[in-house]
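Welcome! Have a look at the structure below, then work through the exercises with us.

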Amino acid sequence: MAASAKTLSNQMEDWTVVLPRRNKHRKNIPKLKSSEEQQQAKQWFPTDVENDPKRESDLIQKMLIYIKKLEDSQFYQTLLTQIETPNVLENFLKILGTESSMQMVIYGIGSIESYEPPRLQLSLAILIKRKFSWIGRVEVFDPIISLAESRVLEALGCSVLSVNEFGRRQAIRPTLFFMPHCEAELYDNLLHANWRVDMLNRMVLFGNSFSVYQHYGSIISNSTTTSSRQHILHVRRFAEEFEIATVSDDYFRAFNGSSWHFFSLDSESQLQLVKL
């Protein structure tokens with residue numbers, strides 16, 4: 001499925017490497033500037049405040065249909081096979097260490113009520129949680145989540161965060177960050193907040209391919225754009241990446257350009273940022 005010349009030009013300009021974009025409003029994501037700022041997560045509430053049982057019931061039924069559809073798909077079976085290959089599974093087990101489970105943090109899931117890609121992405125996260133006993137608590141956040149969506153997420157076994165962390169959760173314990181098709185700034189915030197050997201080695205990231213960011217970084221000379229992705233570009237050399245095969249057009253929009261990322265660092269000196 002080839003992108004048009006105009007689309008490719010737009011990709012290179014703003015580093016949006018996964019298309020098509022979700023048709024939803026995205027707020028600017030503040031950069032992490034200091035350890036003090038890191039603690040300043042903002043309290044969050046859905047903008048709508050009225051319960052709507054019919055709306056919630058319809059949405060959960062829709063989600064159950066999507067979960068079943070994905071579970072029966074060749075895409076999902078291919079992804080499970082990938083996870084269970086020695087190279088990928090060993091990376092997960094290495095992150096787990098002596099822990100019995102790793103938490104899953106889902107950022108930027110989007111509106112599961114309005115768009116199909118977020119429904120498919122959430123379905124995958126739920127199925128991974130069900131399949132592997134070593135996936136523990138699942139927490140979700142996106143500032144556009146409605147009250148109905150929040151209640152459906154809870155019904156599906158997820159916890160909706162009450163604060164906007166701006167992607168700055170630290171991997172104090174083994175953590176899977178599930179972030180398909182998020183903006184580069186959100187990935188960079190996450191990496192900045194975890195810019196220590198022990199924390200990077202304790203996390204796995206499911207999201208946009210860092211190798212693609214690196215490719216566009218070698219083409220784009222805009223210093224401001226490069227600076228805002230400097231952690232992505234720097235850590236790429238210490239990342240092992242496994243690309244997700246979309247298998248069919250049904251799952252292209254939701255997962256194209258996505259990869260598993262595992263980090264392996266030995267020394268804090270490896271994290272010393274250099275001019276890119």
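The model is predicted, so local features need pLDDT of at least 70 and side-chain atom pairs pLDDT 80 or more, while totals for chains, interfaces and linings use all residues. Residues are numbered from 1 along each chain as its sequence is written, and side-chain values use heavy atoms, leaving out hydrogens and water.

**Exercise 1.** Find which residues of helix H4 are buried and which are exposed.

*Solution.* Start with H4, residues 74–83; helices here are DSSP runs (H or I, at least four residues) and strands are runs of E (at least two), numbered from the N terminus. Phe75, Tyr76, Leu79, Leu80, Gln82 and Ile83 are buried (under 20% relative accessible area, with exposed over 50%; 1.4 Å probe, protein chains only). These residues lie on the same side of H4 because they cover an arc of only 160° around the axis, taken from the directions from the axis to the C-beta atoms. On the other side, Gln74 and Thr81 are exposed.

**Exercise 2.** Work out which residues Leu124 touches.

*Solution.* Count heavy atoms within 4.5 Å as contact. Leaving aside residues up to four places away in sequence, Leu124 touches Leu70, Phe75, Tyr76, Leu79, Phe178, Phe206 and Phe255.
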